[in-house]
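Trainee: I would like to go through the labels used for this model and see what each one rests on.
Mentor: Then ask about them in turn.

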Amino acid sequence: MSTSVNAVERAPGNWTPRALLRRLAGGDEVAHIVTLIFASAIIIITSLLVFQLWVNSGASRHAFGWHFLVTSVWDPVFEHFGALPFIYGTMVTSAISLIIALPLGLAAAIFLAELAPRNISDTISFLIDLLAAVPSVIYGLLGIFVVVPLMRTLIGPALKKVFGYLPIFSGPNYGVGFLTAGIVLAIMIVPYIISVSREVLLTVPRDQREAALALGATRWEATWQVVVPWARTGISGSVFLALARAIGETMAVTMVIGNDPKISASLFAPGYTIAAVIANEFTEATGKIYLSALIELGLVLFLITFILNGMARLLILATERAGGRTA
Amino acid sequence: MKKTLVLFSLMLGFAYVAMAQGGTILLNAAGATFPYPIYSKWFSNYNQLHSNIQINYQSIGSGGGIRQLKAGTVDFGASDMPLNDELLSQFSYKILQFPTVLGAVVPTYNIPGVNTELKFTPKALSDIYLGKVTKWNDSEITSSNPGVSLPGNDIVVVHRSDGSGTTFVWTDYLSKVSPDWKSRVGSNTSVNWPVGLGGKGNEGVAGLVKQTPNSIGYVELIYAIQNNMGYGLVKNSSGKFVKASLATVTDAASGAAAKMRSDIRISITDASGAEAYPICSFTYLLIPETISDATKRDAIKGFLHWMLTSGQEQVEALNYARLPKAVVAIEMKQIGEIK
C-alpha cells in the first residue's frame, strides 16, 4: 500500500502551525483527510442503519423475543409475527438461483476468456454487461409472461414426471413458487458471475498457462487445473456479489413467488421472501407492533447478508491458504 | 458595487414579504392510493377555481398517510380504512373522518369453458377463501348457478399480497358473513390467508387469475371496468344476486346512512337494501379537528364543501361511485366541527 510514502513525509511530533500549513499545501495531507472522511462516512452510515433498525424494531423485539426467528405465523390482524417462512423463502430462492447460475456462469466465463475468439468474446461480454444493467422489474415481467407459463405447462410437468417421487417436486404446480423465483433470480445474477469471472480469468498471467501446456497438459487441463484455481478468489467474489443481489431482490421475486408465507418442502409451492414482504406490506401497515415487526424483518435481512458475507470472507481466506500450501 | 448589492438584497426581501402576504396557501396531504386519480383531479380543478390554494397529494398508501399525519408532516391524510379507536388514541388531537367516494370489490375468475357470469353466495366466497370449498363443482357453487356446467377441478385462490384497502373491504365483508372467517382470519389491509397465492396490486391479481386455469381472485370494481374484465354477482343480505355497478354501490351506502349519524366510520359491507351490492366501502380524508392556522383552516373547509357538492359531479367519469345525499348532509354538518 502507498501509506508508506505518507508515513515518511509525516514526521511525527511536528505540529507547529507553519509545518502543518506546509504539509497541507503539499496536497497529500488534504487527500488523506478527505478520503478518510469519505471512508468513515460508510462506517457511520452502516452503524446508523443498524441503530435505526434496532431502535424502531423495539416493540416487536420486546413482544416476541427470539421466538420471532422461529415462529412461522404472520398474522397482521391478531398481531402474531414470525420471520421463519420469510427467512426460509429467502434462503431457498437464493440457493436455487446459485445452483443454476454458478455452473452456467462459470462455464460461460471460461468459454469467453479461454476458448472464444477475442472479437466474439468482446461482443458477447458487452451484451452480458448490458443484461446486468436491466432493471429488476423487467426480469419480473419476463418471469410472469415467460417463465411462469413455461413452468406450469412444460418444466413443472416434466420434472414431476421424472422426479415426482421426490418431495421437492410434489404437490400442485401453479406456475408461481420457489422454483420459478429461483429461476428468475438465476437469470438475473448470471450476468454478474459471467462478467466478473471473465475479467478475473483474463488477468491470470500468460506464463501460468504456458507453463502448464509446456508440462504436457491439454488445453482443458491447463484451464481447469491451473487458470481457474488461480482465479478462484475473484470467482468467489463474483458469486457473493450475485448472492447479495439474489437475497435482496424484491420486485422480480414478489411478481413470481406467489407471496404466501408458508414453509413447504415442494419447490412448486408458493413462498415469500423478506425483501418482498417488506415492500408489499410497509406502505399500508398501521399497528405499532406490525410496523416494528416489518422493521425487525429488515434487521434480520441485514444480519443474513452480514453473516453470509462474513462466511464468504472466511471461505476465501481458507481456500487461499490451502492453495498456498499445495502450490 | 456595495450599494447595488444592498439595493438588490432589499428588493429580494420585499419580494419575499409580498409573496408571503398575497401568496398561495400550500396544503400537503398524503395517503391512500385507491382514490388518487379522483383526488388529483379534484385538487387540480380546485386550484383552477381558487388559484391561491394549492393542494399537494402524495399517494403513499393509507398506512403511510396515517403515519405522516401523526408526525405532523402533512396537513391532512387519506385512508381507505376508517381509523379505529386504537389508532385514534395514538393521535394527540381529534381526527375527523370525511368519506369522499365509494369503491367496490368484485370477484373475478378464470374457468376454462365457462363464459357466463357466475353467482356467488356469501358462504361460497368465504368457504372458498377459507379453503373449505376446494372444487368448482361444489354444491355451494353449483346450487346458485343452475345450467352452468362447472368442472370438478381444484379452485386456485388468489389474493392481494400488498397491503391494500381492497383487501380490507374484502376481508371486512367475509368477516361479516362468516363467523368462522371473523374468528380465524379477521379483517385488515393484510391478513393471514388460510389458502391461496398472492399477487401484487390489482394488476398482479388479475394477471394471476388470467394465467391460471380454475382460479378466483378479487379486484377493485374500477380496475375491472377499465380493463373490461368479467366478474361475478354476489348475493346481498336481501337475498338478491347483485352485479356491482356505480348505482348498486351508491345504493349500499344510502342504506347505511341512517347509522352513520352516530358514527361516520360505520362499515357498509353487507348493507341492507334490495339493490345494494354487498362488498363496498368509503374512502376517507382524515382532517384534524383543530387547525391553528386560520388561512389553512378556511382553505380546507372550503375544499371539503366544494368536494361534497361540485366535486361529486366529477367522480363517475372516473368510475368511482358518488356519495348518497344523506351522507353528504352528515358530512356538511361535520365541516362545522373543524375549529
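The questions below concern a predicted model and the terms applied to its chains.

Trainee: Why is B:Ile111 called partly exposed?
Mentor: B:Ile111 has 18 C-beta neighbours inside 10 Å. A buried residue needs 20 or more, and an exposed one has 12 or fewer. The value for B:Ile111 falls in between, so the residue counts as partly exposed.

Trainee: What makes the position of B:Ile111 a loop?
Mentor: B:Ile111 lies between strand S4 (95-110) and strand S5 (119-120) of chain B.

Trainee: Which residues does B:Ile111 touch, leaving out those up to four places away in sequence?
Mentor: They are B:Trp136, B:Leu150, B:Pro151 and B:Asn214. Being in contact requires C-beta atoms within 7 Å, so each of these four pairs meets that cut-off.

Trainee: How do you know that B:Ile111 and B:Ser215 are apart in sequence, and what is their distance in space?
Mentor: The two are separated by 104 residues in sequence, while their C-alpha atoms are 6.8 Å apart.

Trainee: What share of contacts in chain B joins residues at least 24 apart?
Mentor: The share is 71%, counted among contacts between residues at least 6 apart in sequence. For chain A, the corresponding figure is 75%.

Trainee: How many residues of each chain count as buried, as a percentage?
Mentor: In chain B, 48% of the 339 residues are buried. In chain A, 36% of the 327 residues are.

Trainee: Which helices and strands are counted?
Mentor: Chain B has 13 helices and 11 strands, and chain A has 15 helices and two strands.

Terms used:
Residues numbered from 1 in each chain as written. Chains lettered and ligands numbered in written order. Predicted model: local features only at pLDDT ≥ 70, side-chain atom pairs only at ≥ 80, totals over all residues. Helix = DSSP H or I, 4+ residues; strand = E, 2+ residues; numbered from the N terminus. Contact = placed C-beta atoms within 7 Å.
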